Amino acid sequence: MAEEAATADGAQARRQRSGPADRPVALITGASSGIGLATATRLADAGWRTLLSGTDRTRLDSLAERTGGTALPEDLSKPDGPARLAEAALAEAGRVDVLVASAGLGWRGRFADTPSDVLDRMIEVNLAAPLRLVRLLLPGMLERRHGRIVLLGSIAGQVGVRDESAYSATKAGLTMFAESLWYELRGTGVGVRLVLPGAVDTPFFDRRGTPYQRERPRPVPAERVADTVLATITTERDRLFVPHWLGFPARIHGAAPGVFRRMASRFG
């Protein structure tokens with residue numbers, strides 16, 4: 001009982017230090033680097049209260065110190081990680097108004113050579129964890145009739161990418177989840193948003209074990225993606241490519257996949 005009281009008192013004290021209780025609350029996964037870090041910074045600058053999740057506690061603490069956010073480290077590659085994170089977020093802030101699911105893992109190589117443990121972790125982090133987090137946080141949003149779910153997909157999930165079969169599949173699954181959920185949430189006050197970047201200049205490629213080697217598209221800064229995330233939260237635009245022109249090859253692929261494959265084989 002004493003430990004529970006101390007935990008509750010600590011959470012209340014942090015809420016008081018973080019500013020007015022009516023500030024909107026955003027939970028950002030993958031916040032220790034890349035798109036997640038840039039998004040957390042943008043949201044904090046815009047006056048949001050940020051709950052910062054990732055696996056690097058040192059980087060999360062540093063970001064929390066700079067932005068006034070709260071570090072909630074969690075390993076989303078574990079099946080029970082999303083439940084622990086959702087519980088910690090609600091205990092800390094009482095609600096989550098926006099979920100930004102930006103944590104992601106990649107691997108490049110022939111699918112037949114994909115290590116089983118890497119495949120399992122990609123499925124958990126890229127696909128299963130966002131679904132589980134949405135399942136846990138969505139009921140509160142629906143009850144309040146207000147909220148945003150922002151999912152970080154990828155152009156790879158729209159058109160497929162050679163030697164990135166598993167990664168592309170997880171991002172395609174996330175896209176169909178967003179599309180299906182959009183129909184369910186119409187008229188509820190809760191919106192689902194899908195951000196679809198191409199290559200982004202982040203540590204993602206170093207962590208997957210191979211650098212980015214394509215001539216095009218060139219990687220965009222993580223801050224550009226973060227600006228798009230913020231735009232999806234504050235406007236009604238629910239599906240945005242980064243950069244915008246990537247929507248064109250995606251449309252070609254959807255309308256004429258054979259033509260797209262010939263073009264991709266020729267131009268890479």
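A residue counts as buried when its relative accessible area is under 20%. By that criterion Thr232, with a relative accessible area of 0%, is buried. The model described here is a predicted one. The protein holds 11 helices and 9 strands, and buried residues make up 49% of its 268 residues. Among contacts with a separation of 6 or more, 65% join residues 24 or more positions apart.

**Sheet architecture**

- Seven strands form an open sheet in the order S3-S2-S1-S4-S5-S6-S9, with parallel pairing.
- The edges are taken by S3 (70-71) and S9, each of which has a single partner strand, so one side of each is left without a neighbour in the sheet.
- S1 pairs with S2 (residues 49-52) in the parallel sense over 4 bridges, and Leu27 stands opposite Leu51 of S2.
- S5 and S6 are also parallel, pairing over 6 bridges; Gly147 has Val190 of S6 as its bridge partner.

**Strand S6**

- Burial covers 8 of the 8 residues of S6, so this strand is largely enclosed by the rest of the structure.
- In a regular strand, side chains alternate between the two faces of the sheet.
- In S6 both faces are covered: one side carries Val190, Val192, Leu194 and Leu196, the other Gly191, Arg193, Val195 and Pro197, and all of these are buried.

**Nonpolar cores**

- Nonpolar side chains tend to be buried together in soluble globular proteins.
- The largest nonpolar core has 38 residues, of which Leu27, Leu51, Ile149, Leu151 and Leu181 touch the most other members.
- At least two residues of this core come from each of S1 (25-29), H4 (81-93), S4 (98-101), H5 (116-144), S5 (147-152), H7 (165-185), S6 (190-197) and H10 (247-255).
- H5 supplies the largest share of this core, 7 residues.
- Leu151, leaving aside residues up to four places away in sequence, touches Ala101, Pro130, Leu174, Phe177, Ala178, Val192, Arg193, Leu194 and Val195.
- A second, separate core holds 26 residues, including Leu60, Val98, Val200 and Ile233.

- The 13 residues of H4 should span 18 Å at 1.5 Å a residue, and the end C-alpha atoms of H4 are 18 Å apart, which agrees.
- Gly81, Pro82, Leu85, Ala86, Ala89, Glu92 and Ala93 are the buried residues of H4.
- Viewed down the axis of H4, these buried residues fall within an arc of 135°, so they line one face of the helix.
- Gly94 follows H4 and has a positive phi, near 85°.
- Arg132 belongs to helix H5 and counts as partly exposed at 31% relative accessibility.
- Arg132 and Ala86 are 46 residues apart along the chain, and their C-alpha atoms are separated by 9.3 Å.
- Not counting residues up to four places away in sequence, Arg132 touches Pro79, Pro82 and Glu124.

**Helix H9 and Thr232**

- H9 (residues 222-234) contains Thr232.
- For its 13 residues, H9 should span 18 Å at 1.5 Å a residue; the end C-alpha atoms of H9 are 19 Å apart, which agrees.
- The buried set in H9 consists of Ala222, Val225, Ala226, Thr228, Val229, Ala231, Thr232 and Ile233.
- With residues up to four places away in sequence left out, Thr232 touches Arg148, Val150, Arg193, Val195, Arg237 and Leu240.

**Aromatic pair**

- The structure holds 1 aromatic pair.
- The rings of Trp182 and Tyr183 have centres 5.2 Å apart and planes at 85°, so this pair is edge-to-face.
- Trp182 counts as partly exposed at 33% relative accessibility, whereas Tyr183 is exposed, with a relative accessible area of 57%.

Technical notes
Residues are numbered from 1 along each chain as its sequence is written. This is a predicted model: local features need pLDDT of at least 70, side-chain atom pairs count only at pLDDT 80 or more; totals for chains, interfaces and linings use all residues. Side-chain values use heavy atoms; hydrogens and water are left out. A nonpolar core is a set of buried Ala, Val, Leu, Ile, Met, Phe, Trp, Tyr and Cys residues joined through side-chain atoms within 4.5 Å. Buried means under 20% relative accessible area, exposed over 50%, partly exposed in between (1.4 Å probe, protein chains only). Contact means heavy atoms within 4.5 Å. The expected span of a helix is 1.5 Å times one less than its number of residues. The arc is that of the directions from the helix axis to the C-beta atoms. Two strands pair if DSSP finds at least two bridges between them. Rings of Phe, Tyr and Trp (its six-membered ring) pair if their centres lie within 6.5 Å; planes under 30 degrees apart count as stacked, over 60 as edge-to-face and the rest as tilted.
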